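Dear colleague,

I am passing on the structure we spoke about, and below it you will find my notes on what came out of the analysis. Please read them with the coordinates open beside you.

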Amino acid sequence: MDFLVPDIFLVEAIVNGILLGGILALLALGLNLIFGVIDVVWISYAELVMCGMYAIYWLYAVHGVPLPIAAVIAIVFVAILGVLVHKLIISPILGSAPINQLLATGGLLFFLQSFATLLFGADFRNIGLRLPIIEVGDLFISFARLLAFGAALLGMIGLWLFLKRTYVGTAIRAIAQDREIMILMGVDPKRVYLITSALGGGLAGLASALLVLQYDVHPFIGLSFGPITFMICVLGGLGSMIGGFVAAFIMSQIISVGGFYTSIELSYVLAFLLFIVMIFVRPQGLFGVKS
């Protein structure tokens, strides 16, 4: 009857996939929120996360600021960065062709990577904090990943409550559903766009505070999360927050369980393969609406 006993390492891979899915869902939520409301894809979204990670490293590891305070400052810092990105780069090209918007945000991606390299060099840096490993029977779970999953879940619930229970949140959801009608009803879209950019930046800041507990920071850390976050958003349906949430856990399980049976590198290849197949089968994404 040994075949009925689940492989403990497989269970561990599934649990790790769920924990990774929480972080990916948080990133996809921020990117989907911006696309759903402003109708622009921030290719450089993961580089905002990199900026937040460097802010925490600089405050906590270099200047000794307590970690919770450093995390809050980083979240506010990245939220302000989000507003600046919208004011200086997105707003002037809102009415232009989508390819111009992609090129502009792609240019910002390379600018932020180069600027970080100029300031901090290409070295890998970490905050030097080692959190314990939790042992549940034969199962070993990283406390940092568990903490990140819980905080990401709270962040998503907080955003959901904000969008459902506040006047500004209602305006954001209304503009995401019908931009033209809401302008005729007197809603100021520029103000809503700024608030949305700040929220999207704040979510990237929260993700940076959670990722810096698990990963070293370097100028190209965004490449580890940017492509997979973009794939998740497209797979779930661009602009669909529920779709992004579901797709994040599908992708994280492919990466984690696929890595268990093969290798991490091959698991990413499998995730990209699924993405390509899904684009052919259902180009609007799992929860997207065919235009």
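**Aromatic pairs**

Tyr261 is exposed, with a relative accessible area of 57%, whereas Phe260 is partly exposed at 30%; please keep in mind throughout that this is a predicted model. The structure holds 5 aromatic pairs. In one of them, the ring centres of Phe111 and Phe115 lie 5.7 Å apart with their planes at 10°, so the pair is stacked. Phe111 and Phe115 are 4 residues apart in helix α4 (residues 98-120), which separates them by about one helical turn, and Phe115 counts as partly exposed at 40% relative accessibility. The rings of Phe260 and Tyr261, by contrast, have their centres 4.9 Å apart and their planes at 75°, so this pair is edge-to-face.

**Helix α10**

Helix α10 (residues 241-261) has 21 residues and reaches 30 Å from its first C-alpha to its last, which is close to the 30 Å expected at 1.5 Å a residue. At its N-terminal end the helix is capped by Ser240, a side-chain oxygen of which lies 3.0 Å from the backbone nitrogen of Gly243. The buried residues of α10, among them Gly243, Phe249, Met251, Ile255 and Val257, pack against α1 (8-38), α5 (143-165), α9 (222-236) and α11 (264-281).

**Core and neighbouring contacts**

The largest nonpolar core has 83 residues, and those with the most contacts inside it are Leu26, Val37, Trp42, Tyr45, Leu48 and Ile232; α1 gives the most to this core, with 14 residues. Not counting residues up to four places away in sequence, Val37 touches Ile172, Ile175, Ala176, Arg179, Val192, Tyr193 and Thr196. Thr229, which lies in helix α9, is buried with a relative accessible area of 4%, and, if neighbours within four places in sequence are left aside, Thr229 is in contact with Leu27, Ala28 and Leu31.

**The β hairpin**

Strand β1 (residues 133-136) and β2 pair in the antiparallel sense over 4 bridges, and the bridge partner of Ile133 in β2 is Ser142. The two strands form a hairpin with 2 residues between them, and Gly137 in the turn has a positive phi of about 65°. In a regular strand the side chains alternate between the two faces of the sheet.

With best regards

Definitions and conventions. Residues numbered from 1 in each chain as written. Predicted model: local features only at pLDDT ≥ 70, side-chain atom pairs only at ≥ 80, totals over all residues. Heavy atoms only, no water. Expected span 1.5 Å × (residues − 1). Buried < 20%, exposed > 50% of the residue type's maximum accessible area, 1.4 Å probe, protein only. Contact = heavy atoms within 4.5 Å. Polar contact = N/O pair within 3.5 Å; in protein donor to acceptor, adjacent residues only side chain to side chain. Pairing = 2+ DSSP bridges. Core = buried A, V, L, I, M, F, W, Y, C linked by side-chain atoms within 4.5 Å. Phe/Tyr/Trp six-rings, centres within 6.5 Å; stacked < 30°, edge-to-face > 60°.
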